[in-house]
Amino acid sequence: MLKIYYLSSEIKPFSETDQLASFSKEFSSTLKNNNKDVDIRLIQPKYGFISDRRYILREVIRLKNLSIEFMGVEHSVSLKSGFIPGTRVQVYFMEHKEFFNDSSELIYKSRNGRVYSNNHEKFTFFITAAIETLKKLYWIPDYIICSNWQMSMASVIIKNLYKDELKDTKIVHMIHEINDLYNFDSDIYKKLDINLNKKGKVQNNIINSIPLSDYVYIYNDENKSCEKYINKHKTIKEALKNTKCEFINYSDSLDVSERIDVYNNILAKLKK
């Protein structure tokens, strides 16, 4: 049984701002529904606008009131469980009053368009708590999949802070877009006691996460935006040299059959 833990900031239909949400739903549903030998479990924040009743979310007793130490502070989180509608794909929803309850449907910014100042901190916390949750589940995945800037601290945290517990788990970093949000404040690294580039006030998490990932998938839209960006940045190209990397032409506008081919091809490579 191939075990996959999929971390995402958004999953359709529970939360959605861009392609990542629909990809998360369709990718996981294809793998689960078409392959009996795949155990894929998703986890995302439980934003305040997600309805327990609408999606039939249930408490998980052993995942209730978990104590998580994060950057020197003790936090309490609880997880609920549900399924992507019409599928057998299990999704865990992480509740945390301070970080997620008041998030708008825009997720990363308020309804007036102002970007939340603590985005990097709260998604770094989410990753940490998601990894700690594995201890309560008594479940060690073969792969942890993380996407975009929101989950870009995953490989950094795992390979620095959980390298013994997850020594046999491979990290798959999926990049759907590249923007300035990959630049994390150096204070986050310092508070987590993780080595950093001391020359700057920010840490570029594309450059930092790639060498620590076992596989990197970069999704090109019709304009090949990601590939063009990378070709202009020597440091990113250098980081990719020693990592298994693949550029994939992908967008929501592709036919369903073409998108499913993409998912199945990825799975085939993960099974090797």
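Author: What follows goes from the overall fold down to single residues.

Author: This is a predicted model, where local features need pLDDT of at least 70 and side-chain atom pairs count only at pLDDT 80 or more, while totals for chains, interfaces and linings use all residues. Residues are numbered from 1 along each chain as its sequence is written, and side-chain values use heavy atoms, with hydrogens and water left out.

Reader: How do you know that the radius of gyration agrees with a compact globule?

Author: The radius is taken over C-alpha atoms, and the globule rule is 2.2 Å times the number of residues to the power 0.38. For 272 residues a compact globule would come out near 19 Å, and the protein has 18 Å, so the two agree. The C-alpha trace spans about 50 × 45 × 45 Å along the principal axes.

Reader: Why is Asn148 called buried?

Author: Buried means under 20% relative accessible area, exposed means over 50%, and partly exposed is in between, using a 1.4 Å probe and protein chains only. Asn148 has 1% relative accessibility, so it counts as buried. It sits in the loop between strand E7 (143–147) and helix H5 (154–161). Leaving aside residues up to four places away in sequence, Asn148 touches Leu20, His173, Met174, Ile175, His176, Glu177 and Tyr182, where contact means heavy atoms within 4.5 Å. Across the protein, 53% of the 272 residues count as buried.

Reader: What about Thr128: buried or exposed?

Author: Thr128 counts as buried because its relative accessibility is 6%. This residue is in helix H4. Its contacts, not counting residues up to four places away in sequence, are Ile68, Glu69, Phe70, Ile157 and Tyr162.

Reader: And which label does Ile50 get, buried or exposed?

Author: At 3% relative accessibility, Ile50 counts as buried. Ile50 is in the loop between strand E2 (38–45) and H2. Among the residues it touches, not counting those up to four places away in sequence, are Phe14, Tyr55 and Phe93.

Reader: What makes Asp180 exposed?

Author: Its relative accessibility is 61%, so Asp180 counts as exposed. You'll find Asp180 in the loop between strand E8 (170–175) and strand E9 (183–185). From C-alpha to C-alpha, Asp180 and Leu63 are 34 Å apart in space, and 117 residues apart in sequence.

Reader: Why is Tyr138 called exposed, and what is its phi?

Author: With 71% relative accessibility, Tyr138 counts as exposed. Its phi is near 50°, a positive value in a residue other than glycine. Tyr138 lies in the loop between helix H4 (119–137) and E7. Ile56 also has a positive phi, about 55°, although it is not a glycine. Ile56 is in the loop between helix H2 (52–55) and strand E3 (58–59).

Reader: Which peptide bond is called cis, and what is its omega?

Author: The bond from Lys12 to Pro13 is cis, with omega near 5°. Pro13 is in the loop between strand E1 (2–7) and helix H1 (19–34).

Reader: What makes a set of residues a nonpolar core?

Author: The members are buried Ala, Val, Leu, Ile, Met, Phe, Trp, Tyr and Cys residues joined through side-chain atoms within 4.5 Å. The largest such core has 90 residues, and Phe27 and Met94 touch the most other members. H4 gives the largest share of this core, nine residues. Phe27 touches residues including Tyr6, Ile40 and Tyr263, not counting those up to four places away in sequence. In soluble globular proteins, nonpolar side chains tend to be buried together.

Reader: Which residues of H5 are buried, and what covers them?

Author: The buried ones are Ala154, Ser155, Val156, Ile157 and Ile158. Their cover includes H4, E7, E8, helix H6 (186–191) and helix H7 (205–209).

Definitions and conventions: Helices (H or I, at least four residues) and strands (E, at least two) are DSSP runs, numbered from the N terminus.
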